[in-house]
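Welcome, and thank you for taking a look at this one with me. Below are some numbered points to read with the model open beside you.

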Amino acid sequence: YLIMTFIAKSLLPPTPSAADLLRMYKLPALRKFAQNFLLDPKATSKLVACAGKIENHFVIEVGPGPGGITRQLFAQGAAKVAAIEKDVRLFPALQILADAVEQRLKLYLDDILTFPIESVISEEYARPWTDEKLPPIDIIGNLPFNISLPLLVQWIKQTSTQTGPFKFGRIPITITLQEEVGGRLVADALMLQRGRLSILCQNWFNIKVKHIFSGRAFVPAAKINVAVMQLVPLIKPLVDVSYNRLDELTKLAFHTRNKPIGQTLALLFPLETRSENADELLSRAKLDSKSHALTLTVEEWGLLAQIYSDIIVRPRPEHEKIFQKTTHELTFKLGETFINSNSI
Ligand code: SAM
């Protein structure tokens with residue numbers, strides 16, 4: 001009976017393929033929406049399989065395009081899909097699929113960077129954060145590359161506070177990223193790709209490279225290879241630290257990655273207490289001032305961030321004015337260069 005129900009759910013009424021829909025509606029890919037479509041059913045099926053079992057799951061799909069992946073989500077047993085797409089031209093094509101699966105596909109014309117994903121998930125899918133078992137919810141998407149970094153940063157922040165969609169539990173994220181960016185996410189200490197993104201992601205997620213697509217798998221072809229990455233939120237982060245503190249520290253340190261960490265991290269502090277604070281930071285973290293950003297483990301970064309928090313919240317009336325300005329509002333002066341702390 002279960003098998004029959006699964007087959008009945010997975011079989012879609014005959015509908016034109018995603019490639020046919022693009023032809024029917026004369027929809028050229030637009031660069032402004034970073035459109036590189038996956039149209040070959042073998043490729044879309046592979047991408048969805050990277051998410052693991054999605055049978056009876058609620059899936060949030062980022063940027064469904066003409067619906068090639070969306071169709072596979074239903075073929076692999078998704079109960080419901082909420083698809084958020086910014087390009088209005090694609091809606092007539094997507095509507096054909098929505099009609100075929102009736103109430104199971106909901107389409108939203110919106111920008112995923114501002115769309116409140118949590119508003120479309122119903123409570124029945126929620127699971128406690130501490131459950132070993134993940135909630136039956138997935139975030140999946142062949143992401144537009146031009147927004148993949150800000151989107152990822154938003155999801156890390158929300159995971160760190162268990163807010164946004166992550167208030168429903170440890171929702172796994174299965175997405176495409178440029179292979180080089182995917183490499184940065186998983187890079188260990190001493191690897192050249194190691195950077196701020198590696199530390200931030202690894203502190204809150206278990207990350208796997210699930211598959212590499214050649215750029216030729218996409219229409220139009222992408223100039224680079226594309227990695228399918230899976231990020232599963234950890235029950236407990238490697239280090240209990242706020243996103244902002246870890247972000248400030250790693251942003252500063254990796255900007256001047258070739259300088260000894262003692263020199264760089266000293267810039268976190270006001271001139272008057274710089275050397276005293278920097279010495280305290282490093283000695284409490286048991287780090288040599290000559291260590292480099294590339295050599296530190298996530299745990300060491302976390303410890304530095306905890307001690308840094310400790311130091312800056314300590315009441316010091318003479319420096320209150322300086323510390324009242326959060327480092328997020330500050331622009332750090334690094335030698336001759338200025339970096340804006342909001343850049344990635
Ligand atoms: N999923 C489709 C596929 O694999 O064929 C399309 C993938 S394409 C790389 C990215 C999709 O995201 C496009 O359909 C694009 O219009 C959409 N998109 C771009 N920016 C977006 C945004 N800010 N919010 C939601 N969708 C967006």
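Leaving aside its neighbours within four places in sequence, which residues is glutamate 118 in contact with? Point 1 takes this up, and the rest of the note moves on from there.

1. **Glutamate 118.** Please keep in mind that this is a predicted model. Glutamate 118 sits in the loop between β4 (105–109) and β5. Beyond its neighbours within four places in sequence, glutamate 118 is in contact with Gly164, Pro165 and Lys167. Glutamate 118 has 14 other C-beta atoms within 10 Å, so it is partly exposed.

2. **The chain as a whole.** Stepping back, you will find 13 helices and 11 strands in the chain. Of its 344 residues, 37% count as buried. Among contacts with a separation of 6 or more, 70% are between residues 24 or more positions apart.

3. An unreviewed UniProt entry gives residues 43–235 the annotation "domain: Ribosomal RNA adenine methylase transferase N-terminal". Across residues 43–235 the chain is 29% helix and 24% strand.

4. **The nonpolar core.** In soluble globular proteins, nonpolar side chains tend to be buried together. Here, the largest nonpolar core has 78 residues, and the members touching the most others are Val59, Leu73, Cys201, Leu249 and Trp301. Take leucine 249 as a place to look: not counting residues up to four places away in sequence, it touches Trp301, Leu304, Ala305 and Tyr308.

5. **Helix α3.** Which residues of helix α3 (residues 41–49) are buried? They are Ala43, Thr44, Leu47 and Val48. Looking down the axis of α3, you will see these buried residues fall within an arc of 135°, so they line one face of the helix. Their packing partners are β1 (37–38), α4 (68–75), β5 (137–141), β7 (205–213) and β9 (226–233).

6. **Helix α4.** Seven of the eight residues of α4 are buried, so this helix is largely enclosed by the rest of the structure. The buried residues of α4 are Gly68, Ile69, Thr70, Arg71, Gln72, Leu73 and Phe74. After α4 comes glycine 77, with a positive phi near 100°.

7. **Around the ligand.** There are 21 residues around the ligand, and Phe33, Phe37, Gly63, Gly65 and Asn142 come nearest. Two or more residues of this shell come from each of β1, α4 and β3 (80–85). By type, the shell divides into 11 nonpolar, six polar and four charged residues.

8. **The binding-site record.** In an unreviewed entry, UniProt places the feature "binding site" at Asn36, Leu38, Gly63, Glu85, Asp111 and Asn142. Leucine 38 belongs to strand β1, and it counts as buried because it has 24 C-beta neighbours inside 10 Å. Not counting residues up to four places away in sequence, leucine 38 touches Ala43, Thr44, Leu47, Gly68, Ile69, Asn142, Ala217 and Phe218. Asparagine 142 lies in the loop between β5 and α6 (148–161). With 25 other C-beta atoms within 10 Å, asparagine 142 is buried. Leaving aside neighbours within four places in sequence, the contacts of asparagine 142 are Leu38, Leu47, Gly63, Ile69 and Thr176.

9. **Backbone details.** Where is the cis peptide bond with omega about -10°? It joins valine 219 and proline 220, and proline 220 lies in the loop between β8 (218–219) and β9. Glutamate 102, a residue other than glycine, has a positive phi near 55°. Its place is the loop between α5 (91–100) and β4, where glutamate 102 is exposed, with 8 other C-beta atoms within 10 Å. Leucine 190 also has a positive phi, near 80°. Leucine 190 is in the loop between α7 (179–186) and α8 (196–204) and counts as exposed, with 11 C-beta neighbours inside 10 Å.

10. **Isoleucine 312.** One last stop is helix α12 (residues 298–313), which holds isoleucine 312. Is isoleucine 312 buried or partly exposed? Isoleucine 312 has 19 C-beta neighbours inside 10 Å, so it counts as partly exposed; a buried residue needs 20 or more. Isoleucine 312 and leucine 113 are 199 residues apart along the chain, and their C-alpha atoms are separated by 32 Å.

Terms used
Residues numbered from 1 in each chain as written. UniProt positions renumbered as here; feature names shortened; annotations may be inferred. Helix = DSSP H or I, 4+ residues; strand = E, 2+ residues; numbered from the N terminus. Core = buried A, V, L, I, M, F, W, Y, C linked by C-beta atoms within 7 Å. Buried ≥ 20, exposed ≤ 12 C-beta atoms within 10 Å, placed from the backbone. Contact = placed C-beta atoms within 7 Å. Arc of directions from axis to C-beta. Near = placed C-beta within 6 Å. Nonpolar A, V, L, I, M, F, W, Y, C, P; charged D, E, K, R; others polar.
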